[in-house]
Amino acid sequence: MSKKTSYLLGIILTIILGTILYYFLCCSICCGQESCGHKKDETKSAVTPEIKDATRNAFMIKDANSDFNIKMNDNFNFKTSNFSILDPVSQDVDKGVLKLKDYLLANPSKDIEITGFYKSDEVNNSAYPNLGLARANSVKNYLVLHDIPSKQIDTYGKLNNDINPDVNSTLFGPLEFGILTTDASDASYMEALEKACDAVRANPLVLHFKTGQAAINLSSEQRQKIADISHCVDKLGVKIQVVGHTDNTGDAANNVVLGLKRADFAKGYLTRNGILEGNIETSSKGQTEPIADNATDEGKAENRRTVITIN
């Protein structure tokens, strides 16, 4: 082999060896980069969110002290962040309601407890402290409209994050029912209720808003006051008094009409929040009972109000 041939073979071997070393050394350092000529498989297993089965609570009411027992697979259903019962209510549930009515009318010492559930991620768009109580109140109204006395219905709200809606955001029966026997121990409950009702009379709910306003933003204290008013109506048979007031702008007679419009708007708000229309009476004082100086804009704003109380 000539010296020239040996020289060429050496160059070729050097190039081959260098290429091999470059390939392995480069890819061990920059593996996954396109400059290596090889792209690392960056495919990651997709994280699939856990889909929980919808909770389906049956319509169950049982009196542990008697043989009264109702169990229906259907129930009262609601959309998430809503307190209106979804239509239609099944015929089986209506049969259960009829059976419950007959039992309660025959046993006036019995009460039905309705506990409405709500989730912490729901939006409370009701006038009540929580959606659970608002849902229980909607079911209470349904029972009252089916001739069950409101005095025999107790409503509560409870946080329950274990209830799950379906893919259409429907909650199936986010409720719990129970039967209890009223006795002398309930005197303390009635005494507390009487105090709450007297507190409403002494310090009514006052709303300031413009006629035609679509919604009313309530504080937590105002929401509790509406819950107290609702319980007073149910248990004591009192009526809600809604009185509209105005400032002294314009004609006095027209202001009476304007005050009544404000009272009617507040009545509509209460009925949309589950207080039966027949339990609400409206009236207007117009400009005759100012609580602030009508000579100032601030005073006029205070006088444009609707007062909600009980008789």
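Pro88 lies in the loop between strand β3 (77-79) and helix α2. The names come from DSSP runs, numbered from the N terminus: helices are H or I runs of at least four residues, and strands are E runs of at least two. The model is predicted, so local features need pLDDT of at least 70 and side-chain atom pairs count only at pLDDT 80 or more, while totals for chains, interfaces and linings use all residues. Residues are numbered from 1 along each chain as its sequence is written, and side-chain values use heavy atoms, with hydrogens and water left out.

Stay with that loop for a moment. Most residues other than glycine have a negative phi, and most peptide bonds are trans. The peptide bond from Asp87 to Pro88 is cis, with omega near -5°. Ser81 is found in the loop between β3 and α2 too. Ser81 is not a glycine, yet its phi is positive, at about 60°.

Now turn to the sheets. Strands of a sheet pair through backbone hydrogen bonds, either parallel or antiparallel. Here, two strands count as paired if DSSP finds at least two bridges between them. Strand β4 (residues 110-118) runs parallel to β5, and seven bridges join them. To find this pairing, look for Thr115, which stands opposite Tyr156 in β5.

Contact means heavy atoms within 4.5 Å. Axes are lines fitted to C-alpha atoms, for helices over the stretch in contact, and angles run from 0 to 180 degrees between N-to-C directions.

Two packed helices are described by the angle between their axes and the distance between the axes. The axes of α3 and helix α5 (residues 220-236) come within 12 Å and cross at roughly 25°. That makes α3 roughly parallel to α5. The cut-offs are these: angles under 35 degrees count as roughly parallel, over 145 as roughly antiparallel, 65 to 115 as roughly perpendicular, and the rest as oblique. Leu133, Asn137 and Lys140 of α3 make the contact with Ala227, Ser230 and Asp234 of α5. These residues divide into two nonpolar, two polar and two charged. In this scheme Ala, Val, Leu, Ile, Met, Phe, Trp, Tyr, Cys and Pro count as nonpolar, Asp, Glu, Lys and Arg as charged, and the others, Gly among them, as polar.

Strand β9 (residues 240-245) pairs with β10 in the parallel sense, over six bridges. Ile240 stands opposite Ile280 in β10.

The α4 side of the contact includes Tyr189, Met190 and Leu193, and the α5 side includes Lys225, Asp228 and Ile229. By class, the contact has nine nonpolar, one polar and four charged residues.

Which residues form a disulfide? Cys197 and Cys232 do, with their sulfur atoms 1.9 Å apart. A disulfide is a pair of cysteine sulfur atoms within 2.5 Å. The torsion about the S-S bond is about -110°, so this disulfide is left-handed. The pair links distant parts of the chain: Cys197 sits in helix α4 (residues 187-202) and Cys232 in helix α5, 35 residues apart. A search of the whole structure finds one disulfide.
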